[in-house]
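Here is a short briefing on charged side chains that pair up. Take a look at the model first, then read on.

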Amino acid sequence: MPNDFSREGILARPEVPERSLVFFDEIDSTNNYAKRFVKLGYTDGTAIVADHQTAGRGRLGRSFYSPAGTGIYFTLIRSMNTIGANNLLRQTPAAAVAAIEAIDAVTGVDSQIKWVNDIYVDGKKAAGILTESIASREGGPFDTVLIGVGFNCTTREFPEDIKDTAGAISRLDVDRNQMTAVFWKRLLYWSDHADSPEMIQKYREKSLVLGRPVSFELGGMLFHGTAEDIDAYGHLNVRLEDGSIRSLDSGEISLESWK
């Protein structure tokens with residue numbers, strides 16, 4: 001039930017990690033709040049969770065639809081000193097692996113990863129990831145990573161512009177307290193082990209794009225090819241139409257129909 005989603009409900013779950021939790025019935029954005037929270041001092045591993053976001057954010061400046069009662073809007077604060085600067089680019093794949101594991105553990109629903117940051121269920125986007133690096137001190141170096149994830153647990157109605165591409169994890173009730181606790185625990189684990197071959201292997205196994213034709217824009221040009229592999233850093237290797245390989249470390253791809 002929607003009203004059962006609460007800080008107390010999450011902390012009552014046996015899976016919940018022993019870290020700080022900040023919960024809001026409504027907030028502009030959990031990532032935005034985390035940025036403000038970090039300026040005041042923070043604990044590595046703290047989770048910011050909301051039932052409703054009024055200004056949810058996605059990648060590339062997009063908004064993330066975040067209605068009350070049907071989703072989980074979550075940000076994990078990580079110290080760069082803890083995870084290691086070399087693992088920064090692996091935090092998004094780590095979050096994706098944690099998300100599919102939590103979805104499977106709590107609901108039994110099979111989900112897949114659309115490189116680099118989207119979780120799909122039955123061909124539609126059911127969760128998205130936004131990872132940001134920030135400085136905890138004004139003018140200081142980037143020393144903090146914010147891993148934001150939004151889950152459409154049971155969302156049914158979507159705005160006109162995304163109604164054909166967005167979906168939900170389940171048509172049934174989802175225990176959002178349990179989902180949050182399990183995801184938080186798995187995310188902490190994979191964030192700490194982001195350089196492990198096991199993490200990338202799980203990411204590959206759940207890939208929606210490997211072996212499929214894709215397109216992407218780079219330098220104002222449109223490229224077409226086939227997604228061949230995901231390397232140890234989470235880069236997507238695409239074999240282009242001329243036979244060459246292009247390795248993508250960020251950006252966005254589109255899936256295409258077989259020619």
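Arg19, Asp44, Arg78 and Asp192 are joined in a network of salt bridges (a salt bridge is a side-chain nitrogen of Lys or Arg within 4 Å of a carboxyl oxygen of Asp or Glu). Side chains of opposite charge can pair when their charged atoms come close. Across the whole structure, a search finds 15 salt bridges.

This is a predicted model, where local features need pLDDT of at least 70 and side-chain atom pairs count only at pLDDT 80 or more, while totals for chains, interfaces and linings use all residues. Residues are numbered from 1 along each chain as its sequence is written, and side-chain values use heavy atoms, leaving out hydrogens and water.

**Helix to strand**
- Lys35 pairs with Glu132 in a salt bridge, with the closest N and O atoms 3.2 Å apart.
- This pair links distant parts of the chain, 97 residues apart: Lys35 sits in helix 2 (residues 30–39) and Glu132 in strand 6 (residues 124–134).
- Helices (H or I, at least four residues) and strands (E, at least two) are DSSP runs, numbered from the N terminus.

**Helix to helix**
- Glu101 and Lys202 form a salt bridge at 3.5 Å, N to O.
- Glu101 belongs to helix 4 (residues 91–107) and Lys202 to helix 6 (residues 197–205), 101 residues apart.

**Loop to loop**
- Asp110 and Lys206 form a salt bridge, their closest N and O atoms being 2.4 Å apart.
- Asp110 lies in the loop between helix 4 and strand 4 (112–114) and Lys206 in the loop between helix 6 and strand 8 (213–218), so the pair ties together parts that are 96 residues apart in sequence.
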